[in-house]
Amino acid sequence: MSKNSKVLNLKDKINGNEVDLSLCNLTEVPVRELAAVTKATVLDLSCNNIISLPPEFCNLTHLVKLDLNKNQLTSLPDNLGNLVNLQHLDLFGNKLTVLPVSFSQLRSLKWLDLKDNPLEANLAKAAGDCLDEKQCKQCASKVLQHMRAIQEEVDRAREKRLLREKELERKKEAKQREREAREKEARKREKAEEKEKRRKEYNAQMAALAAQEQQKKKNEEKKKKNGQAAVNKKAVVESPPKPKRSLLGLMLKLLLLLLLGLVGVAATCRFTDLQKEAMCVPVNTAVNDGISWAKQQEVVVRQLVQNLSSAAKEFLDSTQTSKN
């Protein structure tokens, strides 16, 4: 059957709001052509050889009544719940074992027939016998209730899965942050170690420079000391010999100082008001005796004075020479 013939036959099958495609030996549903007939709310596809419905079939949301009895359906589309306006669904005599979870979203469904399908036990128990109108209505209600329970379980399982995935993602992110923190700490430690290494190298360089500077100063001081020692040695070598009579000059100086002291004392006791004091009496006596003796020994004194003068002159000459 060609596409054009399908279109012509589909037009021939339309009667008001109903499309009757039963007993047409169909193996697939002409979804595109049916989608163009939006006024058709009743669709009869019974007594054909349809094995499955394409997902696009669930876009026919205008359907209110759908008859699929006596086909070869083994499953229904996962998005069957999109048929939100569907009130009557006949699936009698197919090969269905389960219904899609989205079946629970058929909130408008009032009538359902699932007889003669190899349904799994719980679904078969919910569906019941469906032998009359009342039982088919109960079938719709109980199956919807059963599928809603499954939907809730699926939702809970999905929620748990999402929570697990979220927890795993959180743990993964925590591990990632921990790894990044470790890497950051490692980089920070490496930078600190590198900085410490550079600091030690800098300190070593500064210490080496300081040691070089200190050694340089020591060498300069040693050189300076050696130069000063050479100068002192040269000065010692070049200095004139000391006069041999330095000790004699010292003694003469002491003697001269002593004489000057005695003369001062004698002058004080003789020419001042202290001459009558007890301490000056023996001094004046000694001076008088000395003068008397000196007069007696005038020649000797003159000779002594002459000798002293000569000695003093020599001493002064030698002192002047030493200063130069």
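**Surface, core and cavity of a predicted model**

Q: What is the accessible surface of the chain, and what share of that surface belongs to carbon and sulfur atoms?
A: The accessible surface of the chain in this predicted model comes to about 23500 Å². The share that belongs to carbon and sulfur atoms is 55%.

Q: What percentage of the residues in the chain is buried?
A: A residue counts as buried when its relative accessible area is under 20%. The chain has 324 residues, and the buried ones make up 24%.

Q: Which pattern of helices and strands does the chain follow along the sequence?
A: The chain has seven helices and six strands. Read along the sequence, they give the pattern α-β-β-α-β-β-β-β-α-α-α-α-α.

Q: What percentage of the contacts between residues at least 6 apart in sequence joins residues at least 24 apart?
A: Contact here means heavy atoms within 4.5 Å. Among contacts between residues at least 6 apart in sequence, the share joining residues at least 24 apart is 36%.

Q: Which element gives the largest share of the largest nonpolar core?
A: This core has 42 residues, and Leu45, Phe57, Phe103, Leu112 and Val143 touch the most other members. Two or more residues come from each of helix H2 (31-35), helix H3 (121-127) and helix H4 (133-238). The largest share is five residues, and the element that gives it is H4.

Q: Which residues does phenylalanine 57 touch, not counting those up to four places away in sequence?
A: Phe57 is one of the core residues that touch the most other members. With residues up to four places away in sequence left out, phenylalanine 57 touches Val29, Val31, Leu43, Leu45, Leu63, Leu66 and Leu83.

Q: Why does proline 30 count as buried?
A: Proline 30 lies in the loop between strand S2 (18-20) and H2. The cut-off for buried is under 20% relative accessible area. Proline 30 counts as buried because its relative accessibility is 12%.

Q: What separates the C-alpha atoms of proline 30 and phenylalanine 57?
A: Along the chain, proline 30 and phenylalanine 57 are 27 residues apart. The separation of their C-alpha atoms is 8.8 Å.

Q: What is the volume of the largest cavity?
A: The structure holds one cavity of 30 Å³ or more. The volume of the largest cavity is about 40 Å³.

How values were computed
Residues numbered from 1 in each chain as written. Predicted model: local features only at pLDDT ≥ 70, side-chain atom pairs only at ≥ 80, totals over all residues. Heavy atoms only, no water. Core = buried A, V, L, I, M, F, W, Y, C linked by side-chain atoms within 4.5 Å. Buried < 20%, exposed > 50% of the residue type's maximum accessible area, 1.4 Å probe, protein only. Helix = DSSP H or I, 4+ residues; strand = E, 2+ residues; numbered from the N terminus. 1 Å grid on protein atoms, 1.4 Å probe; cavity = no way out; pocket = protein on both sides within 12 Å on 5 of 7 lines; lining within 4 Å. Points joined across faces, edges and corners; volume = space filled by probe spheres on them. Areas by Shrake-Rupley, 256 points an atom, 1.4 Å probe, with all protein chains shown as cover.
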